[in-house]
Amino acid sequence: MFDPAAFRAQFPALAAEDALLYLDNGASTQTAQAVLDAMAGYYQGYRANVHRAGHPWAARATAAFEQSRDAVKDWLKVERREAVIFTSGTTAAINLVAWGLIDQVRQGDLILVSAMEHHANLVPWQLLARRTGATIKVIPLDANGRLDLAAYDQLLALKPKLVACCHVSNTLGLINPVVEICAKARAAGALSLIDGAQAVAHLEVDIQAIGCDFYAFSGHKMFGPTGVGVLTGRLSSLGELLPFMGGGEMIDKVSFDAVSFNALPHRLEAGTGPIAEVIGLGEAVKLVQALDAGAHERQLTERLLAGLAKLPVQVLGQGERISLVSITVPGVHHSDLAHYLAGKGIAVRAGHHCTQPLHGLLGIAGSLRIALAPYNAAAEVDACLAALADGISLFKEMA
Amino acid sequence: MSLFDDFAAEKHFEGRTRFLLGLARSLPRLDDKHPEDEVSGCEARTWLRVDVADGKLALRGDSEARIVKGLMALLFSLYQGQALADARHVDARAEFEQVGLEQFLSPSRANGLYAMLAKIHGELG
């Protein structure tokens, strides 16, 4: 049985006297004490580079680093530990794939992206298209903000090379049917990349069940450190990627004339990675794996949506969602409201949330995003709703 | 008493916000918004037009966000109608600091304020 108070107690920042009422978890969650301890333990006790040296600290660091790889493999049911590639985050992971496909994508090839993509899952494909002469088409949304799967079927008939889609929209909070999306992509001969940045802390993710070629996520949205993330997916698809960066452990043999590359995962992990952060990520994985907060998060989300329904606001997107809701308020600018909430000690996000094309499609410049985590409490949702109501009244009164 | 003094006299967040909203209301709407007048670096779309008539500054502006517009009105109070030679000696940053405007604003909103200031200074030469 999930105990919200016990979970919350694992986050020292939330217990600070001047702590914010933190509802900006879609951007970054807070860091758990176990994660902080693991990182400090490395720096204070056995800091050394991994994989290379033979001394005891290096052996201990390497073991801790590789334990994190095993933890990710077990958690997300990845087929082999070699298919877990550490990166600096989701963005780096997607760029790694986009660069890695440069020999496989040709002029006239088609890349499909969904209309709700974060810039990190759009711009790398635009760059790849620019470099190769490929074109990009957008999978549209239906009136509720969900992916239009009939339109997707039609686009698949054009034989795309790759389909890029988020597991959960960072703006709408909606959960996409990634199993279906990936199965259809594969049947059409396309590779699939799923941006899991918003999903891994909220949903049970099974990489093999999803059937994607590539899956990316970040540590800092799942109670772990910043500067670390993972690219995973199908080992055979990862094996086809051209290394994006050269140097360090990614080589097999190097002469002045030639280079041959190491096996996965090292082939795609050039240079010294964020060792402490990878070790910290391993702790975050344990924490999320043991988490059973689905019911609690659903209750909080329902409470938030019920409260919002009583306010003069519009919720973006209707459908199965995680505990993330974006709103617009007719007549009140989102940045004004965020300023008001910040003044009341409430942290939310206002702006385009790095989904400018989606906001353009919805005909708005920005929105206000409330993103909950399992450490949030019903009283915090109520406080946010009350402050929203007060803020809206003030801005309307002073219009 | 300057508007900055009035702002400083409001000790609490709510009062300061209300004060800026009142200022925003006092600033006329800019109906002819030209792309070249748009100020980048603000969280909301913001336009600022600097004209000089008889050697004096004539400022007009607008923003989709009212806190930004209130800040604009506060900023204008330092420069509006000033002779160019005098306006060059105005130390707006010192005024912001003295009334604790930076603590009241988020970094991105403060950046927007500085972007407006930079635009005025750009026109002063």
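Visitor: Where is Val205(A) found?

Guide: Val205(A) sits in the loop between strand 6 and helix 9 (207-210) of chain A. Helices (H or I, at least four residues) and strands (E, at least two) are DSSP runs, numbered from the N terminus. This is a predicted model, in which local features need pLDDT of at least 70, side-chain atom pairs count only at pLDDT 80 or more, and totals for chains, interfaces and linings use all residues. Residues are numbered from 1 along each chain as its sequence is written, chains are lettered from A and ligands numbered from 1 in the order in which they are written, and side-chain values use heavy atoms, with hydrogens and water left out.

Visitor: Why is Val205(A) called buried?

Guide: Buried means under 20% relative accessible area, exposed means over 50%, and partly exposed lies in between (1.4 Å probe, protein chains only). Val205(A) has 5%, so it counts as buried.

Visitor: Which residues is Val205(A) in contact with, leaving aside its neighbours within four places in sequence?

Guide: Contact means heavy atoms within 4.5 Å. By that rule Val205(A) touches Trp75(A), Leu76(A), His167(A), Val200(A), Ile210(A) and Tyr215(A).

Visitor: How far apart are Val205(A) and Leu231(A)?

Guide: In sequence, Val205(A) and Leu231(A) are 26 residues apart. In space, their C-alpha atoms are 14 Å apart.

Visitor: Why is strand 5 of chain A described as largely enclosed?

Guide: Five of the five residues of strand 5 (residues 162-166) are buried, so the rest of the structure largely encloses this strand.

Visitor: Which residues of strand 5 of chain A point which way?

Guide: Leu162(A), Ala164(A) and Cys166(A) point one way. Val163(A) and Cys165(A) point the other way. All of them are buried. In a regular strand the side chains alternate between the two faces of the sheet.

Visitor: What makes strand 3 of chain A a partner of strand 5 of chain A?

Guide: Two strands pair if DSSP finds at least two bridges between them. Three bridges join strand 3 (residues 110-114) to strand 5, so the two pair. They run parallel. Val113(A) stands opposite Ala164(A) in strand 5 of chain A.

Visitor: How many bridges link strand 5 of chain A and strand 6 of chain A?

Guide: Five bridges link strand 5 and strand 6 (residues 191-195), in the parallel sense. Cys166(A) has Asp195(A) of strand 6 as its bridge partner.

Visitor: Why is the pair Arg81(A) and Glu66(A) called a salt bridge?

Guide: A salt bridge is a side-chain nitrogen of Lys or Arg within 4 Å of a carboxyl oxygen of Asp or Glu. The closest N and O atoms of Arg81(A) and Glu66(A) are 2.8 Å apart, so the pair qualifies. Arg81(A) lies in the loop between helix 4 (56-76) and strand 2 (85-87) of chain A, and Glu66(A) lies in helix 4, so the pair ties together parts that are 15 residues apart in sequence. Arg81(A) is partly exposed, at 25% relative accessible area. Glu66(A) is buried, at 13%.

Visitor: What makes Glu82(A) and Arg80(A) a salt bridge?

Guide: Their side chains meet at 3.1 Å, N to O. Glu82(A) is partly exposed at 22%, and Arg80(A) is partly exposed at 43%.

Visitor: How do you know that Asp32(B) and Arg60(B) meet in a salt bridge?

Guide: The N to O distance between Asp32(B) and Arg60(B) is 3.8 Å, so the pair passes the 4 Å rule. The two are 28 residues apart: Asp32(B) is in the loop between helix 2 (13-26) and strand 1 (46-53) of chain B, and Arg60(B) is in strand 2 (residues 56-63) of chain B.

Visitor: How many salt bridges are found over all chains?

Guide: The search of the whole structure finds 26. Two of the salt bridges cross the interface of chain A and chain B. Glu397(A) forms one with Arg18(B), the closest N and O atoms being 2.7 Å apart.

Visitor: What area do chain A and chain B bury between them?

Guide: Buried area is the accessible area (1.4 Å probe) that two parts lose on being put together, summed over both. For chain A and chain B that is about 1600 Å², 54% of it on carbon and sulfur atoms. His333(A), His339(A) and Met398(A) supply 41% of the area that chain A buries against chain B, more than any other three residues.

Visitor: How many residues does the contact take from chain A and from chain B?

Guide: The contact takes 14 residues from chain A and 17 residues from chain B.
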